[in-house]
Amino acid sequence: MSLLFAALIALPLCGAARAETPLTAEEFDSYSQGKTLTYAMGGEVFGTEQYLPNRRVRWAFTQDVCKIGSWYEEAGLICFVYEDEGAPQCWKFWREGEGLKAQFEGDPEGTELSEVAQTDKPLLCAGPDVGV
């Protein structure tokens with residue numbers, strides 16, 4: 001079981017199934033590339049992801065080490081694979097207001113993240129890859 005999925009299933013349910021039209025890979029890439037986005041769930045900051053060229057990412061849960069990964073589109077979902085985790089983490093992303101919303105695939109009743117901050121600065125990593 002992946003670290004991200006384990007963290008998600010331990011969290012309380014916080015939303016209903018969404019009917020919004022998901023972003024395509026091109027729309028998601030156009031919105032996210034070059035940005036560092038912070039996501040929250042239920043009003044609490046959950047983690048931050050930096051979107052790099054060539055669909056690469058750098059992710060960190062709040063107060064945790066950074067993980068390098070990449071993303072791809074599959075069946076209308078945006079799926080992430082990180083260096084130390086085998087199973088992809090697939091999400092439906094859509095625009096809402098000024099930011100993004102995301103719902104974890106396989107958990108239509110609960111796991112929903114909201115973009116709460118955006119910057120063009122790199123993700124500050126606690127380690128082990130500080131400065132990478």
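1. Let me begin with Glu 73, which sits in strand E4 (residues 67–74); helices (H or I, at least four residues) and strands (E, at least two) are DSSP runs, numbered from the N terminus. Please keep in mind that this is a predicted model, in which local features need pLDDT of at least 70 and side-chain atom pairs count only at pLDDT 80 or more, while totals for chains, interfaces and linings use all residues. Residues are numbered from 1 along each chain as its sequence is written, and side-chain values use heavy atoms, with hydrogens and water left out.

2. Which residues does Glu 73 touch? Beyond its neighbours within four places in sequence, Glu 73 is in contact (heavy atoms within 4.5 Å) with Leu 23, Thr 24, Ala 25, Arg 55 and Ile 78. Leu 23 is 50 residues away in sequence, yet the two C-alpha atoms are 9.9 Å apart. With Ala 25, a polar atom of the Glu 73 side chain lies 3.5 Å from the backbone nitrogen.

3. Now the sheet. Eight strands close into a barrel, ordered E1-E2-E3-E4-E5-E6-E7-E8, with antiparallel pairing; two strands pair if DSSP finds at least two bridges between them. On average, neighbouring strands are turned by 35 degrees against each other, direction ignored. Helix H2 (residues 25–32) packs on this sheet and touches E4, E5 and E6, among other strands. The direction of H2 makes about 145 degrees with that of E4; axes here are lines fitted to C-alpha atoms, for helices over the stretch in contact, and angles run from 0 to 180 degrees between N-to-C directions.

4. E4 and E5 run antiparallel and are joined by six bridges, with Tyr 72 opposite Cys 79 in E5. Their hairpin has two residues between the strands, and Ala 75 there takes a positive phi near 55 degrees.

5. On its other pairing, E5 (residues 77–82) meets E6 (residues 89–96) in the antiparallel sense over three bridges. Cys 79 stands opposite Cys 90, and Phe 80 has Gln 89 as its bridge partner. The hairpin from E5 to E6 runs through six residues. E5 is mostly covered, with five of its six residues buried.

6. How many residues make up the largest nonpolar core? There are 22, and those with the most contacts inside it are Phe 28, Tyr 39, Phe 80, Phe 93 and Leu 100. A nonpolar core is a set of buried Ala, Val, Leu, Ile, Met, Phe, Trp, Tyr and Cys residues joined through side-chain atoms within 4.5 Å. H2, E1, E2, strand E3 (56–61), E5, E6 and E7 each supply at least two of its residues. Leu 100 has contacts including Leu 23, Phe 28, Tyr 39 and Phe 93.

7. Finally, the whole chain: two helices and eight strands, in the pattern α-α-β-β-β-β-β-β-β-β along the sequence. Of its 132 residues, 45% count as buried. Among contacts between residues at least 6 apart in sequence, 48% join residues at least 24 apart.

How values were computed: A polar contact is a pair of N or O atoms within 3.5 Å; within protein, one must be able to donate a hydrogen and the other to accept it, and residues adjacent in sequence count only if both atoms are side-chain atoms. Buried means under 20% relative accessible area, exposed over 50%, partly exposed in between (1.4 Å probe, protein chains only).
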